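Trainee: I'd like to learn how to read a model like this one. Can we go through it together?

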Amino acid sequence: DAGVIQSPRHEVTEMGQEVTLRCKPISGHNSLFWYRQTMMRGLELLIYFNNNVPIDDSGMPEDRFSAKMPNASFSTLKIQPSEPRDSAVYFCASSRGLGQPQHFGDGTRLSIL
Amino acid sequence: AQTVTQSQPEMSVQEAETVTLSCTYDTSESDYYLFWYKQPPSRQMILVIRQEAYKQQNATENRFSVNFQKAAKSFSLKISDSQLGDAAMYFCAYRGGSQGNLIFGKGTKLSVKP
């Protein structure tokens with residue numbers, strides 16, 4: 001079975017550019033989560049969706065960050081404009097329901113120069 | 001707000017021996033779940049074991065087991081017969097019964113010596 005698929009695996013771009021991270025959850029999973037991992041702050045939730053509806057976006061740092069889930073098999077996390085402090089590993093995870101274990105993708109390592 | 005604390009930034013164990021990683025948490029909820037995730041250098045996040053708070057029996061998955069002390073809000077992970085492939089960052093995580101998101105500790109880096 002395919003796991004959570006994230007793309008790209010690595011992204012290097014200059015500050016001010018728009019960055020779009022993509023995630024395909026496991027088929028049949030109806031909950032999707034975006035996390036960010038940094039050395040300073042560890043793993044933090046940014047936003048999560050249930051049945052394609054955003055439930056909690058309190059972790060989104062600021063208006064430069066936005067996330068969408070147009071259908072059950074695809075989600076994006078967009079940063080516009082990007083800043084060096086956005087450099088981190090971004091993980092997407094999905095679960096069969098809110099109460100079920102979360103399965104993580106391999107993450108996107110984002111570097112903003 | 002719920003918090004998860006891992007007090008050991010680094011641990012080391014000899015191959016084939018046993019090691020215990022500590023985790024404490026703070027919550028006022030009675031219904032919640034606890035997890036241990038493993039993150040090897042490849043940076044994958046791999047679910048190792050999970051525990052439902054309403055269950056008194058400690059969860060076990062092969063060489064991995066937990067010591068869940070609900071009153072003390074402690075959730076330690078024991079790895080028996082340690083293998084070189086166990087070397088990784090280990091994260092303790094909490095999820096409230098009414099919530100979907102995980103709250104993670106800062107992690108413990110485990111080294112396994114041959």
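Mentor: At 8% relative accessibility, B:Arg43 counts as buried; buried means under 20% relative accessible area, exposed over 50%, and partly exposed in between (1.4 Å probe, protein chains only). Keep in mind that this is a predicted model, where local features need pLDDT of at least 70, side-chain atom pairs count only at pLDDT 80 or more, and totals for chains, interfaces and linings use all residues. Residues are numbered from 1 along each chain as its sequence is written, chains are lettered from A and ligands numbered from 1 in the order in which they are written, and side-chain values use heavy atoms, with hydrogens and water left out.

Trainee: What is the phi of B:Arg43, and where is the residue placed?

Mentor: Its phi is near 70°, a positive value in a residue other than glycine. B:Arg43 sits in the loop between β5 and β6 of chain B. Strands here are DSSP runs (E, at least two residues), numbered from the N terminus.

Trainee: Is B:Lys73 buried, exposed or partly exposed?

Mentor: B:Lys73 counts as partly exposed because its relative accessibility is 26%. B:Lys73 is not a glycine, yet it has a positive phi of about 55°. Look for it in the loop between β8 (64-69) and β9 (74-79) of chain B.

Trainee: Which peptide bonds are cis?

Mentor: One is the bond from A:Ser7 to A:Pro8, with omega near -10°. Another runs from A:Gln80 to A:Pro81, with omega near -5°. A:Pro8 is in the loop between β1 (5-7) and β2 (10-13) of chain A, while A:Pro81 is in the loop between β8 (74-79) and β9 (88-95) of that chain.

Trainee: Now the interface. How much area do chain B and chain A bury between them?

Mentor: The size of an interface is often given as the accessible area lost when the parts come together. Here chain B and chain A bury about 1,600 Å², 51% of it on carbon and sulfur atoms; this is the accessible area (1.4 Å probe) lost on putting them together, summed over both. β5 (32-39), β6 (46-52) and β10 (88-96) of chain B each give two or more residues to the side that touches chain A. β5(B) gives the most, with three residues.

Trainee: How many residues are in contact?

Mentor: 17 residues of chain B are in contact with 23 residues of chain A, contact being heavy atoms within 4.5 Å.

Notes:
Buried area is the accessible area (1.4 Å probe) that two parts lose on being put together, summed over both. Helices (H or I, at least four residues) and strands (E, at least two) are DSSP runs, numbered from the N terminus.
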